[in-house]
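Welcome, and please open the model in your viewer. We will go from stop to stop, with something to select at each one.

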Amino acid sequence: MDFIFSLFGRFHPVLVHLPIGFLILGGILVFYAKKESKEFLPAIRISFFWGTIAALFSVVSGFLLYLREGYSFDTVSKHLILGVLTTLFSFGFYLYMKKRVDFIDSKVRGMSVGLMILLMLTGHFGGELTHGSDYFTEVLPEKFQEFLGISNASEVAMIRLDEEHWGEAIFYQDVIHPILSQNCNSCHNEKNRKGELVLSSPEWMVKGGKNGLVLDPKELINSTLLARILLPLDDKKHMPPKDKRQPSKQEIALIQKWIASGASFEMNLAKAGVEEEMINMYFPEERGFFYPETELTQLEENVLLPFRKSGLLIEPISQESPLFKISAINFPQGQKLNLKDFQGIASYIAHLDISGTDLDDAVWNDLMVFENLTILKINRVDIDGQGIDALDQLKNLKRLYLNDSDLQLSNLLTLADHPSLEGIFFYATPASKAITSDEIARFLARLEYGGYELPVLSSDSVVY
């Protein structure tokens, strides 16, 4: 017989319209009646009486729905609390009208206005649970949303891939996460958690929801995440709901490819076997846009020769640009790398990889002459980030890699207002272990701090 409670809870969307009708009718009659009139008092009292009864049933059914349908309290708290207050206020109003009121006056009308405000707020937060907080605003023109300060554009991750280095992009973070963000997160985020399912991060995805795992490690290709998307649009189990934004054919194909390749949260596009035609629509329209345009002339090879002989790898970033990439990947271990030696060519360096070299925190001041530096990699270096705020002067810096270092969170936070940073990567650092959602919210740059856990696949235990 336990199912009766669940069934009654599911009647909440039906029952909730009854108190709305009765209470609005009562409010209309209060203002329709002439001042000091008595003729509508019986109808007003009946409206508030049955409005209270209907509100009580709605609160009970809503509470059962909350307990049995997987909603978190944070999600329903405003709607639930306001529903209880509306019921109590309505009942109190009915008693006041029955025992003390012989005619309509300004006090009665004031109380009626208060009750209508409570009713509207309750309905508003209930509507957010069903349709999302942007149900009304999402159809407005983007410029109008920005004018009203309600645009959600900055909250939605977008797919942006480098045409030259797209294979290095992380399949989940750079492609799948933005797709889920645009199509699923309005219902399945850490605030709403519809069905106790959150799709906004790897940690939540592997937990699944009330109905089980959405990524089944034993049979990934038949996982619920993909199966629900592939159902016909009119199927009740199809996700996203048909009145929501639907993923494109290309997006669905990418989700299929990601799941078929193992649903890894760390694998890049190249290792997953993604072909360029699947993702070329996410390349920037103009090549070379990522790096700054300069009026520098091409450097003579004899200028670069001493650097090549020292073991540095030097490559042009493109045939059209005088800028180039320098990497210390083959630099002799134990040999000191002095960035002051680069001052004569510093303005030509757009991509600098000095990972694994012998450096200290004095490096930040030495980098100030690299005016066109766009990508900086300082992985596996014994630095804690003291003085890293000097990088604010590098106006073209877009990506910063500090993985496997002693980077401290307090030093990282000084870059929160950097004018151009789009991505900061700091896996396996003290900062990655200490950062919280509050600090993440301060950054406009996309932060990559690792710590993701992969689901255990059945094939992991196979002994060959």
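A salt bridge here is a side-chain nitrogen of Lys or Arg within 4 Å of a carboxyl oxygen of Asp or Glu. This is a predicted model, in which local features need pLDDT of at least 70 and side-chain atom pairs count only at pLDDT 80 or more, while totals for chains, interfaces and linings use all residues. Residues are numbered from 1 along each chain as its sequence is written, and side-chain values use heavy atoms, with hydrogens and water left out.

**Salt bridges**

How many salt bridges does the structure hold? There are two. Start by selecting K340 and D366, whose side chains meet in a salt bridge at 2.9 Å, N to O. K340 sits in the loop between β2 (324-327) and β3 (349-353) and D366 in helix α14 (residues 363-366), so this pair ties together parts that are 26 residues apart in sequence. Helices (H or I, at least four residues) and strands (E, at least two) are DSSP runs, numbered from the N terminus. K340 is partly exposed, with a relative accessible area of 48%. On this scale, buried means under 20% relative accessible area, exposed means over 50%, and partly exposed is in between (1.4 Å probe, protein chains only).

Next, select R308 and E301. Their closest N and O atoms are 2.7 Å apart in a salt bridge. R308 is partly exposed at 32% relative accessibility, and E301 is partly exposed at 43%.

**Surface patches**

Switch to a surface view for this part. Patches are made of residues with over 30% relative accessible area and no salt bridge; like charges are joined within 9 Å, and nonpolar side chains (Val, Leu, Ile, Met, Phe, Trp, Tyr) within 5 Å. Lys and Arg count as positive and Asp and Glu as negative, with His and the chain ends not counted. The place of a charge is taken as NZ of Lys, CZ of Arg, CG of Asp or CD of Glu. Accessible areas come from the Shrake-Rupley method with a 1.4 Å probe, and for residues only the protein chains shown count as cover.

Select D358, D360, D382, D404 and D406: together they form a negative surface patch. Within this group, D382 is in the loop between β4 (375-377) and β5 (399-401). D382 counts as exposed, at 60% relative accessibility.

For positive charge, select K98, K99, R100 and K107, which gather in a surface patch. K98 belongs to helix α5 and is partly exposed at 49% relative accessibility. While you are on helix α5 (residues 73-99), find V84 there too. V84 is partly exposed, with a relative accessible area of 33%. Its C-alpha atom is 9.5 Å from that of V60, 24 residues away along the chain.

Now go to F3, I4, L7, F11 and V14, a nonpolar surface patch with about 490 Å² of accessible area together. Which element gives the most to the nonpolar patch? Helix α1 (residues 3-9) does, with three residues. I4 lies in helix α1 and is partly exposed at 39% relative accessibility.

**Aromatic rings**

Show the rings next. Rings of Phe, Tyr and Trp (its six-membered ring) pair if their centres lie within 6.5 Å; planes under 30 degrees apart count as stacked, over 60 as edge-to-face and the rest as tilted. The structure holds 14 aromatic pairs. One of them is Y32 with F40, whose ring centres are 5.5 Å apart and whose planes are at 75°, so the pair is edge-to-face. Y32 counts as exposed, at 61% relative accessibility. F290 and Y291 have ring centres 5.2 Å apart and planes at 85°, so this pair is edge-to-face; both residues are buried. Then select F49, W50 and Y94, which form one aromatic cluster.

**Backbone details**

Select M239 and P240, joined by a cis peptide bond with omega about -5°. P240 lies in the loop between α10 (224-230) and α11 (249-260).

Move on to A263, which has a positive phi of about 50° although it is not a glycine. A263 is in the loop between α11 and α12 (276-279) and counts as buried, at 1% relative accessibility. A428 has a positive phi of about 50° as well, and is not a glycine; look for A428 in the loop between β6 (423-425) and α16 (430-434).

Finish at Y449, in the segment after β7 (446-448). Y449 is partly exposed, at 25% relative accessibility. The C-alpha atoms of Y449 and S432 are separated by 4.9 Å, with the two residues 17 apart along the chain.
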